[in-house]
Amino acid sequence: MTDTEIEITADLVRDLLREQHPDLADLGIREVAGGWGNQMWRLGDELAVRMQRMDPTPELQLNERRWLPVLAPRLPLPVPTPVRSGEPSARFPKHWTVMTWVPGDPLDCSSISRGDHAADALADFLRALHAEAPADAPVSGDRGGHPTECTAGFDRFFHAVVPDDLADDVRAVWDDAVAAPEWEGPPLWVHGDLHPANVVVSDGTLSGVIDFGDISAGDPAWDLAAAWVVLPAGAASRFFDAYGRADVGTIRRARGLAAMKSLFLMLMGRNGDLGLPGGGPAWGPAGRAALDRVLRG
């Protein structure tokens, strides 16, 4: 059995806690639906255990451990903060981390009804996050750069799932992003993977941001794509007004990246419908709705 085939069960999680953090081992443990690179388990009412599953290397979890305690205190929305580290062992040869639990429902299983409030909350969050990153901040190989660096990925998603009647319009949005100027500022902290499964909502609005495995230094356009991928229709303009730092070129890049992210969600939704690894059936409708918002501008 390979590492990725290890069955992660509540008994395994409890045994690992007994071995490495016995003071937490008696808390209630229950699985959380979703998760691809990592599997999540609730631990009591206030904690969660993040178990490395499909991620091929530990760097994503190690980046969260290193940087979330630095970033979290200045962010205006709750984010998961590491509180204990679980090291590889004979029983489970991968990393795992005990983190604070962020209350709310993932957006791919819920909805935003207070669009203006959510736009303001996301803008406030990203203004706080998008500070100049230090020289030793992680740099992602496939996120944070100019859209030109992602042409192969966009083409793969495009040919796999773009609706025929939307192909020309989607291609035009992407081509415009590719033609947009480079980010000329210093590399900023970016979440890198804002989509409906990585934000949580409560009372009809954005209430937290999760899964910082792709935290890195780069172009803020990667996060600003959330104006279309996360927020409901009609909220993008308010979001950019509230954010207040995005020039025309950055918005062009963000819109193209939103198109690519929408196609990716549609592909993962299709994979979920087919029962393929990593698929999420709820992601397909979320991606198509996001794509419609992108095309409306």
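I worked on a predicted model, where local features need pLDDT of at least 70, side-chain atom pairs count only at pLDDT 80 or more, and totals for chains, interfaces and linings use all residues. Residues are numbered from 1 along each chain as its sequence is written, and side-chain values use heavy atoms, with hydrogens and water left out.

**Entry 1: the count.** I looked for salt bridges (a side-chain nitrogen of Lys or Arg within 4 Å of a carboxyl oxygen of Asp or Glu). The rule gave me 17 salt bridges.

**Entry 2: Asp-23 and Arg-84.** I found these two side chains in a salt bridge, 2.7 Å from N to O. The pair links distant parts of the chain, 61 residues apart. Asp-23 sits in the loop between helix H1 (10-20) and strand E1 (29-32), and Arg-84 sits in strand E4 (residues 82-86). I take helices (H or I, at least four residues) and strands (E, at least two) as DSSP runs, numbered from the N terminus. Next I checked accessibility: buried is under 20% relative accessible area, exposed is over 50%, and partly exposed is in between (1.4 Å probe, protein chains only). Asp-23 is exposed at 54%. Arg-84 is partly exposed at 27%.

**Entry 3: Arg-50 and Asp-211.** I read 2.8 Å between the closest N and O atoms of this salt bridge. Is Arg-50 buried or exposed? Arg-50 is buried, because its relative accessible area is 8%. Asp-211 is partly exposed at 23%.

**Entry 4: Arg-288 and Asp-292.** Here the closest N and O atoms of the salt bridge are 3.2 Å apart. Both residues lie in helix H10 (residues 283-296), four residues apart, about one turn of the helix. Arg-288 is partly exposed at 33%. Asp-292 is partly exposed at 25%.

**Entry 5: a network.** I traced salt bridges linking Asp-142, Arg-143, Asp-193 and Asp-214 in a network.

**Entry 6: the sheet.** I then turned to an open sheet of three strands, in the order E6-E8-E9, with antiparallel pairing. Two strands pair if DSSP finds at least two bridges between them. Strand E6 (105-106) and E9 are the edge strands, each pairing on one side only. Strand E8 (residues 199-202) pairs with E9 over four bridges, in the antiparallel sense. Which residue in E9 stands opposite Ser-202? I found Thr-205 there.
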